[in-house]
Amino acid sequence: MAFSKVSCSVLLLCFFIGTCSVYQCFADANLTAKLLVDVSHAQSIPPTLFGIFFEEINHAGAGGLWAELVSNRGFEAGGQNTPSNIDPWSTIGGESSLIVSTDRSSCFDRNKVALRMDVLCDSQGSNICPAGGVGVYNPGFWGMDIIEGKSYKVVFYIRSLDSVDLSVSLTSSNGLQMLATAKVVASASDVSNWTRVETLLEAKATNHNARLQLTTSRKGVIWFDQVSAMPLDTNKGHGFRNEHFQMLADIKPRFVRFPGGCFVEGEWLRNAFRWKETIGPWEERPGHFGDVWMYWTDDGLGYFEFLQLAEDLGSLPIWVFNNGISHNDQVDTSVVSPFVQEALDGIEFARGDPSSKWGSVRAAMGHPEPFDLRYVAIGNEDCGKKNYRGNYLKFYDAITRVYPDIKIISNCDGSSRPLDHPAHFYDFHIYTSANDLFSMNHKFDHTSRNGPKAFVSEYAVTGKDAGTGSLLAALAEAGFLLGLEKNSDVVSMASYAPLFVHANDRRWNPDAIVFNSSHLYGTPSYWVQQFFRESSGATLLNATIQTDSPASIVASAIAWEDSKNEKSYLRIKVVNFGSNSVQLKVSVDGLEPNSIKGSGSTKTQLTSTNLMDENSFQEPNKVVPKQSPLDNAGENMDVVLTPHSFTSFDLLRESGSIKMKTDSLSRSSI
């Protein structure tokens, strides 16, 4: 993820020019076009073509995909010095009844800060505690989503010099509505040393803006640390929120690139994501401040969990690791060897035998079988940095020597000129206006077919064209993706960015999936990706557009198999980026006679009444694909392309009816 600022005047100028282009260039009425699909000239699409890129940005993980409800669960976000800020924790009760502070008394060596609670009031005597007691509460990430009938596991560590009588509760945001509660009673001898407490809370009511609170009416001193609340019903029990996970599964990603993005680099190396700090028991992970996107993460979603996520999705993991370079400081190539060893250790953690040093750590975490790690990226957007090439070669040589099958991704763009260093793939990132991205459907037409393949790991329309997720942005991205699909002999992988955004922490616009504590929806850009979920591993057919306005229409055609229903389809996808309807005549050549069945074919279209229409929590389905039967399906058919639309025609065909020969495909759209 690039981290840059553009002036408002530049964005407005780009938007004005882009909007004029969209509305004025294609003003001819009664447009007609022909699409010729030749199934006898075809090639296989890489099985990895379309996937997802996950970065810890916009609270995508902490407060998003990762189901932990407590924010700053270890009280470490304020820093290692004490006293420190415990935000978003707050107190229940006034200063006459309660004093809250932090000290470095925790039993966990890598996160020593603990919360100390001096309770001054009591259940009797001259200073009686208020009704409900005093204590602390945590609102989570802008509210906890608590659902009636569901159970939540609360775990925390406690120490006290006296006996304790504690209430652990889930309540409304003001504490007045009790959703679930449990009592923790222990003698002084039971809690004189740090003790793990676990309790299960079953919600008696629903509240989307709830909080967790720890309260008491007994005088004394109590220390707390590592306070966690997790719903029991996470996906496969692996800690991923079901709704978020399902949104990812629905686009059938063939790979997951993680954990960033700039999150990997950090503004400074001291704040970069370091995988060894994110594995092992969650209580022992120190967490870190992501200084690019400016928030704390407890790293509950760590390296192991990312590998698990990819496996649960049936996707291949693509690990991006730090190469000794941040935004502001760099390690010299002469002393980068410790970083190289850290990368080798990380590969061993993922792939090593359970008897190996790091493979045994993975096995102890409950995954004795190796993860299927085949791809690694050396750094993120670091190509222009002084030490990148030297550092890169150190990593490349070491990894290929120990793991010769690992495919390595360079940060440098090889689409226009050859790389000056060895690589299996080169990374290509593009964030631009709608008009620019749509026109880039030809970007890889003339790229050399020799050497490393392209990995378009970050793409999106940004700026005024995008809003917070517009139809205009989605249509431009669809046109760009059709170009990637038609050039899939040289483009092996592609993923949109960013993936998630918490509505209360928009660090970047737009994003594919928007969520808050309780709801989520896909932007039009998310829905575009659903049109390509069968493309990876399918057969690309030669599709040529003939039209008087070639700049406004892009098309592709694939043959794919629905293995679940044992049906075969020919899918034609067309973007009409213009402001007028287009009469499109489709001709499919090379099929056996009557191969297209008379029924069972469908048309799916993404469009809306306004180019800048967006989805929202109030209207989550305002701009979503709509499917209808295609009654006139056949080798020759006439269809109408709605203005500003992305349309997919799935033609049900007889299995085995395509007689094709592999050949180079035409990349001209004229």
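**Close-ups of a predicted model**

**A proline in a loop.** Pro498 sits in the loop between strand E22 (491-494) and E23 (strands, E, are DSSP runs of at least two residues, helices, H or I, of at least four, numbered from the N terminus). The bond to look for here is the one joining Ala497 and Pro498: it's a cis peptide bond, with omega at about -10°. Keep in mind that this is a predicted model, where local features need pLDDT of at least 70 and side-chain atom pairs count only at pLDDT 80 or more, while totals for chains, interfaces and linings use all residues. Residues are numbered from 1 along each chain as its sequence is written, and side-chain values use heavy atoms, leaving out hydrogens and water.

**The three-stranded sheet.** Follow the order E23-E24-E25 and you have an open sheet of three strands, with mixed pairing (two strands pair if DSSP finds at least two bridges between them). At the edges are strand E23 (500-502) and strand E25 (520-522), each pairing on one side only. On average, neighbouring strands in this sheet are turned by 20° against each other, direction ignored (axes are lines fitted to C-alpha atoms, for helices over the stretch in contact, and angles run from 0 to 180 degrees between N-to-C directions).

**Where E24 meets E25.** Strand E24 (residues 513-515) and E25 run antiparallel, joined by three bridges. Find Phe515, then look over to E25 for its bridge partner, Leu520.

**A helix across the sheet.** Helix H3 (residues 242-249) lies across E23, E24 and E25 (contact means heavy atoms within 4.5 Å). Compare helix H3 with E25: the helix runs at about 10° to that strand.

**The loop between E2 and E3.** The peptide bond leading from Thr82 to Pro83 is cis, its omega near 0°. Phe75 is also found in the loop between E2 and E3. Though not a glycine, Phe75 has a positive phi, about 65°. Phe75 is buried, too, at a relative accessible area of 1% (buried means under 20% relative accessible area, exposed over 50%, partly exposed in between, using a 1.4 Å probe and protein chains only).

**A histidine with positive phi.** Now move to His644, which lies in the loop between strand E32 (636-641) and strand E33 (645-653). His644 isn't a glycine either, yet its phi is positive, at about 50°. With 10% relative accessibility, His644 counts as buried.
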